[in-house]
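Subject: A structure for you to explore

Hi there,

Here is the structure I promised to pass on. Have a look around it first, and then read my notes below.

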Amino acid sequence: MRKKLIIGNWKMNPRSAEDARKIFAAIKRKAAKISSVTTVICPPFPFLNLLSPDKKVALGAQDIHSEQDGAFTGEVSLAMVANAGGRYVIVGHSERRALGETDEFVNKKLMQALKHGMNSVLCIGEKERDEGGHYLHFLNAELVAALNKIPSTHLRHLVIAYEPIWAIGKKEDEAMKPSEMHEMTIYIRKVLKSLYRGVDVESVPVLYGGSIGESNAEAMIRDGMVDGLLVGRQSLEPEAFGAILALADKTR
Ligand code: PGA
């Protein structure tokens, strides 16, 4: 049984370093009691250096730039993240894509992170569903573009997070249904298999993200057949996030 991967994406929260420290410390206390979950918190860049990860809770960044250094005002490089203690990076989150990040840029960032052995969480997800199944073509194209020229030797550091945009930031009962997620898990693995023939793609964790909380985490892991979750708002609430960790810990 492989460990579940539960990643908290704090987005542009909280406002102060003091709050970030408090929330992180409370999450560490919750995670201390958990054994079969890898927990990752992705705070905003200014807080990365201030938070001390431990054996149970790792740190990650919400984005990186595709170049190592140079004249890129406002950007943060992979080396900076790694030097600040980051062991994971999120790449291609829909909120970044909405700001203009292209498939090509996502591919470059992913290549940069994977080539340096950074655990990389590639986010994919369609804006809306349609009867004709066009969203599946969209997802296929997103995966193909993001993984362009990425060799199979890099796959051991890859994580795929499926986050349908229509299910992000909603109420928990508006998240995707676990049975629908099960289909998506199968579909994503099928696309990976077609891209990497003869390679064991089963080892690439597939996560679900979008309006996850205490009420739907367990069913999503069990019936959605996912390897973990990407949690937004509820990762800023130590009680709720701790409950999600505990549920993930016991769900088989
Ligand atoms: P949410 O965000 O849990 O607040 O819906 C998920 C995400 O965007 O990663």
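Helix α9 covers residues 238-250, so to speak a run of 13 residues, and spans 18 Å from its first C-alpha to its last, close to the 18 Å expected at 1.5 Å a residue. Please keep in mind that this is a predicted model.

How many of the residues of α9 are buried? The count is 10 of the 13, so the helix is largely enclosed by the rest of the structure. Buried here means under 20% relative accessible area.

Now for the ligand. Its surroundings are made up of N9, K11, H93, E163, I168, G169, G210, S211, L230, G232 and R233. Sorted by class, this shell has six polar, three charged and two nonpolar residues.

E163 places a polar side-chain atom 2.7 Å from an oxygen atom of the ligand. For G169, a polar backbone atom is 2.7 Å from a ligand oxygen. S211 also uses its backbone, with an N or O atom 2.8 Å from an oxygen atom of the ligand. On its own, the ligand has 280 Å² of accessible area, and the protein covers 99% of that.

Enjoy exploring!

Best wishes

How values were computed:
Residues numbered from 1 in each chain as written. Predicted model: local features only at pLDDT ≥ 70, side-chain atom pairs only at ≥ 80, totals over all residues. Heavy atoms only, no water. Helix = DSSP H or I, 4+ residues; strand = E, 2+ residues; numbered from the N terminus. Expected span 1.5 Å × (residues − 1). Buried < 20%, exposed > 50% of the residue type's maximum accessible area, 1.4 Å probe, protein only. Near = heavy atom within 4 Å. Polar contact = N/O pair within 3.5 Å; in protein donor to acceptor, adjacent residues only side chain to side chain. Areas by Shrake-Rupley, 256 points an atom, 1.4 Å probe, with all protein chains shown as cover. Nonpolar A, V, L, I, M, F, W, Y, C, P; charged D, E, K, R; others polar.
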